[in-house]
Amino acid sequence: MEQDWKEKFRAELLEDMKKEARQEIAEEMARIYLETTDYDDEPISERFGVPIYKIEQFREDH
């Protein structure tokens, strides 16, 4: 029983880490795309699945 709980926790933790990594990669790709193209914020947001407010924040930081 203890082993099942640990395995379930590990699987959930691994899945959360994968989701976070995917999001970080998408945000970095959007940032690079923003810096190297002249596209508007909305198409970049849609292309990479990054919220528009983050794209706007990237633009302000750049």
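The model is predicted: local features require pLDDT of at least 70, side-chain atom pairs count only at pLDDT 80 or more, and totals for chains, interfaces and linings use all residues. Residues are numbered from 1 along each chain as its sequence is written, and side-chain values use heavy atoms, with hydrogens and water left out.

**Stop 1: helix 1 and helix 2**

Select residues 2-36, which form helix 1, and residues 41-48, which form helix 2. Helices here are DSSP runs (H or I, at least four residues), numbered from the N terminus. Two packed helices are described by the angle between their axes and the distance between the axes. The axes of helix 1 and helix 2 come within 10 Å and cross at roughly 150 degrees. Helix 1 is therefore roughly antiparallel to helix 2. Axes are lines fitted to C-alpha atoms, for helices over the stretch in contact, and angles run from 0 to 180 degrees between N-to-C directions. Angles under 35 degrees count as roughly parallel, over 145 as roughly antiparallel, 65 to 115 as roughly perpendicular, and the rest as oblique.

To view the contact (heavy atoms within 4.5 Å), select Ala26, Met29, Ala30, Tyr33 and Leu34 of helix 1 together with Asp41, Ile44, Arg47 and Phe48 of helix 2. The residues of this contact of helix 1 with helix 2 comprise seven nonpolar, no polar and two charged. In this classification, Ala, Val, Leu, Ile, Met, Phe, Trp, Tyr, Cys and Pro count as nonpolar, Asp, Glu, Lys and Arg as charged, and the others, Gly among them, as polar.

**Stop 2: helix 1 and helix 3**

The axes of helix 1 and helix 3 come within 10 Å and cross at roughly 50 degrees. The two helices are therefore oblique to each other, and the crossing of helix 1 and helix 3 is right-handed. Select Glu27, Ala30, Arg31 and Leu34 in helix 1, which meet Lys54, Ile55, Phe58 and Arg59 in helix 3. By class, the contact of helix 1 with helix 3 has four nonpolar, no polar and four charged residues.

**Stop 3: helix 2 and helix 3**

Turn next to helix 2 and helix 3, which pack at an angle of about 120 degrees with their axes 9 Å apart. Helix 2 is thus oblique to helix 3. This crossing of helix 2 and helix 3 is also described as right-handed. Select Asp41, Glu42, Ile44 and Ser45 of helix 2, then Ile52, Ile55, Glu56 and Arg59 of helix 3, to display the contact. The contact of helix 2 with helix 3 divides into three nonpolar, one polar and four charged residues.

**Stop 4: the salt bridges**

How many salt bridges does the rule count? The count comes to three, a salt bridge being a side-chain nitrogen of Lys or Arg within 4 Å of a carboxyl oxygen of Asp or Glu.

Begin with Glu27 and Lys54, whose closest N and O atoms are 2.7 Å apart. Is Glu27 buried or exposed? Glu27 counts as buried, at 15% relative accessibility; buried means under 20% relative accessible area, exposed over 50%, and partly exposed in between (1.4 Å probe, protein chains only). Not counting residues up to four places away in sequence, Glu27 touches Val50, Lys54 and Phe58.

Next, select Asp41 and Arg59, whose side chains meet in a salt bridge (2.5 Å, N to O). Asp41 lies in helix 2 and Arg59 in helix 3, so the pair ties together parts that are 18 residues apart in sequence. Asp41 is buried, with a relative accessible area of 16%, whereas Arg59 is partly exposed, at 38%.

Then select Glu28 and Arg31, a salt bridge with its closest N and O atoms 3.6 Å apart. Both residues lie in helix 1, three residues apart, about one turn of the helix. Glu28 is partly exposed at 39% relative accessibility, and Arg31 is partly exposed at 28%.

**Stop 5: Asp61**

Finally, select Asp61 in helix 3. Asp61 is exposed, with a relative accessible area of 56%. The C-alpha atoms of Asp61 and Arg31 are separated by 10.0 Å, and the two residues are 30 residues apart along the chain.

Methods
Left-handed = near helix turned anticlockwise from the far one by under 90°.
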